[in-house]
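Hello,

I am handing over a structure for you to look at. Please open it first, then read the notes below it.

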Amino acid sequence: MLQGFKDFITRGNVMDLAVGVIIGAAFGKIVDALVNSVLMPAIAKLVGEPKFDNFLAFGDIKFGVLLTAIVNFLLIALAVYFALVLPMNKLAERQAAKAGLVEEPEAVDPQLELLAQIRDELKANRGA
């Protein structure tokens with residue numbers, strides 16, 4: 001039982017996941033700072049309020065709170081995409097190019113190619 005646990009823990013993907021969670025938690029503070037200290041104040045200058053909590057409020061029903069959460073989510077998603085995903089994809093492309101790994105274009109199904117030719121012929125005959 002202990003050997004199985006040791007194998008599970010030392011497996012590469014578990015360690016990668018653990019590092020990812022730790023780095024993600026640390027990076028979350030950077031993203032929060034970006035959203036709360038840079039992006040939301042910029043939106044506040046444009047809109048006039050730093051939060052939308054009182055927007056469309058009808059007594060206890062406050063649609064603005066939901067709107068604030070949606071805006072925060074979108075800003076966080078944009079920040080993560082441009083700060084993490086896009087650079088990592090570019091880095092992976094460069095490493096693949098250095099290693100000589102080039103994706104081959106997917107082969108076209110001959111039946112689909114024939115159907116496309118028939119479609120093009122029908123369009124040409126209809127126009128003539």
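Tyr 81 is partly exposed, at a relative accessible area of 37%. Please keep in mind that this is a predicted model.

The structure holds 1 aromatic pair. The partners are Tyr 81 and Phe 82, with ring centres 5.1 Å apart. Their planes stand at 80°, so the pair counts as edge-to-face; the cut-off for that class is over 60 degrees.

Tyr 81 also marks a bend. A kink of about 40° in α3 is centred on this residue. How far apart are the end C-alpha atoms of α3? They are 52 Å apart. Helix α3 covers residues 63–99, which is 37 residues. At 1.5 Å a residue it should span 54 Å, so the two values agree.

Some residues of α3 are buried: Gly 64, Thr 68, Val 71, Leu 75 and Ala 79. Just after the helix comes Gly 100, with a positive phi of about 80°.

**The overall layout**

The protein has 4 helices and 2 strands. Along the sequence they follow the pattern α-α-β-β-α-α. What share of the 128 residues is buried? Buried residues make up 10%.

**Helix α4 and the surface**

Helix α4 runs over residues 110–127, and Leu 122 lies in it. Is Leu 122 buried or exposed? Its relative accessibility is 51%, so Leu 122 counts as exposed; the cut-off is over 50%.

Leu 122 belongs to a nonpolar patch on the surface.

Now the charged side chains. The count comes to 1 salt bridge. Which residues form it? Arg 119 pairs with Asp 120. Their closest N and O atoms are 3.3 Å apart, and the cut-off is 4 Å.

Both partners are partly exposed. Arg 119 has a relative accessibility of 45%, and Asp 120 has a relative accessible area of 41%. These values fall between the limits of 20% and 50%, so neither residue counts as buried or as exposed.

**Where to look**

Start with Tyr 81, where the kink in α3 is centred. Then go to the ring of Phe 82, its aromatic partner.

Best wishes

Key:
Residues are numbered from 1 along each chain as its sequence is written. This is a predicted model: local features need pLDDT of at least 70, side-chain atom pairs count only at pLDDT 80 or more; totals for chains, interfaces and linings use all residues. Side-chain values use heavy atoms; hydrogens and water are left out. Patches are made of residues with over 30% relative accessible area and no salt bridge: like charges are joined within 9 Å, nonpolar side chains (Val, Leu, Ile, Met, Phe, Trp, Tyr) within 5 Å. Accessible areas come from the Shrake-Rupley method with a 1.4 Å probe; for residues, only the protein chains shown count as cover. Buried means under 20% relative accessible area, exposed over 50%, partly exposed in between (1.4 Å probe, protein chains only). The expected span of a helix is 1.5 Å times one less than its number of residues. The bend at a residue is the angle between axes fitted to the seven residues ending there and the seven starting there. Rings of Phe, Tyr and Trp (its six-membered ring) pair if their centres lie within 6.5 Å; planes under 30 degrees apart count as stacked, over 60 as edge-to-face and the rest as tilted.
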